[in-house]
Amino acid sequence: MGSISHVITTNPTLPHLPFTRSTALRFSCFNPRLLRLPPTRVAGKVGVFAEVSSPSRTTSGIDFSDPDWKTKFQQDWEARFRLPHLTDIFPDAPPIPSTFCLKMRTSIDRDFPGHYSSYEEWHGYINNNDRVLLKTIYYSSPTSAGAECIDPDCTWVEQWVHRAGPREKIYYKPEEVKAAIITCGGLCPGLNDVIRQIVITLEIYGVKNIVGIPFGYRGFSDKELTEVPLSRKVVQNIHLSGGSLLGVSRGGPAVTDIVDSLEERGINMLFVLGGNGTHAGANAIHHECCKRRLKVSVIGVPKTIDNDILLMDKTFGFDTAVEEAQRAINSAYIEAHSAYHGIGVVKLMGRSSGFIAMQASLSSGQVDICLIPEVPFNFHGPHGVLSHLKFLLETKGSAVVCVAEGAGQNLLQKTNATDASGNVVLGDIGVYIQQEIKKYFKEVGIHADVKYIDPTYMIRAIRANASDGILCTVLGQNAVHGAFAGYSGITVGLCNTHYAYFPIPEVISHPRLVDPNSRMWHRCLTSTGQPDFI
Ligand SMILES: Nc1ncnc2c1ncn2[C@@H]1O[C@H](COP(=O)(O)OP(=O)(O)O)[C@@H](O)[C@H]1O
Ligand SMILES: O=P(O)(O)OC[C@H]1O[C@](O)(COP(=O)(O)O)[C@@H](O)[C@@H]1O
Ligand SMILES: [Mg+2]
């Protein structure tokens, strides 16, 4: 049996709530039978990488000689991915026919209370037993490229997650709902699109009392910050600009204070838009509500430009960030290419995951060296980045380096500083690279013209592109469907092109990382032509 003390949050240093897998178990009041296992190990491989992010059990946790191991694995899986539901604490909570009807809608101003349309046969509802298959490749061998195997023989084991969408029965009367939306952490393209869709969908269910909590969790405690009333009219055009209508922040009050505030305000649906930290908070709020026996649905929508949430094809804002990052790379390329011995350096977001740097390098085709946190590298020495840059100047005349902010932190002085949320404040690898390149070429007596670009805040602040706009729309709608269906402590994501609900702990047990052995990273290396810098 695997250890249950696996750290769930990326902010283990956070003083106000060290949220661990064992905490999840202790407070698992919605599902006391739940026995969770660490999701990081797959037969033959240990890691937390994107292409091995399968939340399967440790190799040692399963007795493969047991003829029933697969059945047991799948039972355990089903328990882990079971969605916490209000009926877990209120078994007698009465379901009512949904007020969300795809066929009946004629006007959003219709008076919904007492007007539940349940008689039509086809409504496009999702059955609670509908599932989405998480892994779709059958690997014939553990040595197949990118193989994610549970057992040493790489047997086919189905891993299903719950399908997102509107249910025929709902657990809230729209006229009794007070819904709140909150955006936490850093900015990310698409926040306004998600807010907008949540509001629009809530109104379609018939909810009239919708508010925004300003500036993240801080908005629950700061008396100067007042709720923002939200309606279709207010949010109609907010997706046309970037940022968040509601504002964002890091840090904030203790979970118990947040739940006190929810009680005072009479909020019974909370939509939380944020990354792993925000979701750890949302899950803790859900458990606190559960402990106090409050009928509240807490639903997350993963917001991380870094794309570091587990099990999902991608998170919103990521596509936009990659697209925008290409502009910075292109500028760096033009600067480098137009200068005598020009070197362009671009630093992109990615605290612990190099997805943006990898994908932007792949899509631009203009990067010679891509450096990400998951792949160690030497900067100096015969096989280091500097000597490859010298080679590039001698052979190509110019070079472009794309570095993720979390890369090469071992080369920088540690400060032990953390931000208000408990995230480690990283050293500036971009500035380091720029300075070291200048120093090196001066020392070896070769002219080098170095230009450094950090487009982080320019990228974060833009509006979502078309594909993210669609992603945000569907996520926002599904968040509302999840709340009305009576779920709480869940989040929504894209999974093999289908939308699914996940229990929060399953997607934030650790950051999703680029697998250095993955096909995508190897494609990136093929494209840049860079050697291993070790
Ligand atoms: N383990 C945790 N428990 C409760 N709240 C947390 C936890 N980690 C972070 N938070 C809160 O979540 C919010 C956002 O966290 P942060 O790490 O800044 O961004 P992100 O959600 O994008 O990871 C902050 O207000 C922070 O205080
Ligand atoms: O300057 P800030 O606001 O602390 O944000 C910097 C961080 O924001 C990010 O873009 C995204 O972080 P979050 O997902 O925590 O919001 C990181 O890549 C970066 O380290
Ligand atoms: Mg985070």
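## Gly350 and its surroundings

Gly350 touches Asp306, Phe355, Ile356, Ala357, Ile372, Pro373, Ala404, Glu405 and Gly406, not counting residues up to four places away in sequence; two residues are in contact if their C-beta atoms, placed from the backbone, lie within 7 Å. Gly350 sits in the loop between β12 and α8 (355-364), where helices (H or I, at least four residues) and strands (E, at least two) are DSSP runs, numbered from the N terminus. With 27 C-beta neighbours inside 10 Å, Gly350 counts as buried. A residue is buried if 20 or more other C-beta atoms lie within 10 Å of its own, exposed if 12 or fewer, and partly exposed in between, with C-beta atoms placed from the backbone.

## Basis of the model

This is a predicted model, in which local features need pLDDT of at least 70, side-chain atom pairs count only at pLDDT 80 or more, and totals for chains, interfaces and linings use all residues. Residues are numbered from 1 along each chain as its sequence is written, while chains are lettered from A and ligands numbered from 1 in the order in which they are written.

## Overall fold and domains

The protein contains 14 helices and 17 strands. Of its 534 residues, 52% count as buried. Among contacts between residues at least 6 apart in sequence, 77% join residues at least 24 apart.

Two domains are given: domain 1 (71-101 + 124-314 + 464-508) and domain 2 (318-463), with bounds from an automatic or database domain assignment. Their centres, taken over C-alpha atoms, are separated by 34 Å. Domain 1 puts 22 residues into the contact and domain 2 puts in 19 residues. On the side of domain 1 that touches domain 2, there are 6 nonpolar, 11 polar and 5 charged residues. Here Ala, Val, Leu, Ile, Met, Phe, Trp, Tyr, Cys and Pro count as nonpolar, Asp, Glu, Lys and Arg as charged, and the others, Gly among them, as polar.

## Strand β12

Strand β12 (residues 342-348) has 7 of its 7 residues buried. Gly342, Gly344, Val346 and Leu348 point one way from the strand, and Ile343, Val345 and Lys347 point the other way.

β12 runs parallel to β15 (residues 449-453), to which 5 bridges join it; strands pair if DSSP finds at least two bridges between them. In this pairing, Val345 stands opposite Tyr452. A further 6 bridges join β12 to β14 (residues 399-404), again in parallel, and Ile343 stands opposite Ala399 of β14.

## Annotated positions

UniProt, in an unreviewed entry, places the feature "active site" at Asp306. The UniProt annotation "binding site", also from an unreviewed entry, covers Thr304, Ile305, Asp306, Met349, Gly350, Arg351, Glu405, Tyr457, Met458, Ile459 and Arg460. UniProt positions are given in the numbering used here, feature names are shortened, and annotations may be inferred rather than shown by experiment.

Asp306 lies in the loop between β11 (297-302) and α7 (318-338) and is buried, with 27 other C-beta atoms within 10 Å. Outside four places in sequence, Asp306 touches Met349, Gly350, Arg351, Ser353, Phe355 and Ile356. Glu405 is in the loop between β14 and α10 (429-443) and counts as buried, with 25 C-beta neighbours inside 10 Å. Leaving aside neighbours within four places in sequence, Glu405 contacts Lys347, Leu348, Met349, Gly350, Arg351, Leu426 and Ile429.

## Ligand shells

Of the 26 residues around ligand 1, Gly185, Gly275, Gly277, Gly281 and Ser421 come nearest; a residue is near a molecule or strand if its C-beta atom, placed from the backbone, lies within 6 Å of it. Helix α6 (residues 276-291) gives the most to this shell, with 6 residues. By class, the shell has 8 nonpolar, 17 polar and 1 charged residues. Ligand 1 lies between domain 1 and domain 2, because both give residues to its shell.

Around ligand 2 are Gly185, Gly186, Gly275, Thr304, Ile305, Asp306, Met349, Gly350, Arg351, Glu405, Asp419 and Arg460. This shell divides into 2 nonpolar, 5 polar and 5 charged residues, and draws at least three residues from each of domain 1 and domain 2.

## Positive phi angles

Phe215 has a positive phi of about 55° although it is not a glycine. Phe215 is in the loop between β8 (209-213) and β9 (228-229) and is buried, with 20 other C-beta atoms within 10 Å. Asn496, also not a glycine, has a positive phi near 50°. Asn496 lies in the loop between β16 (490-495) and β17 (498-503) and counts as partly exposed, with 13 C-beta neighbours inside 10 Å.
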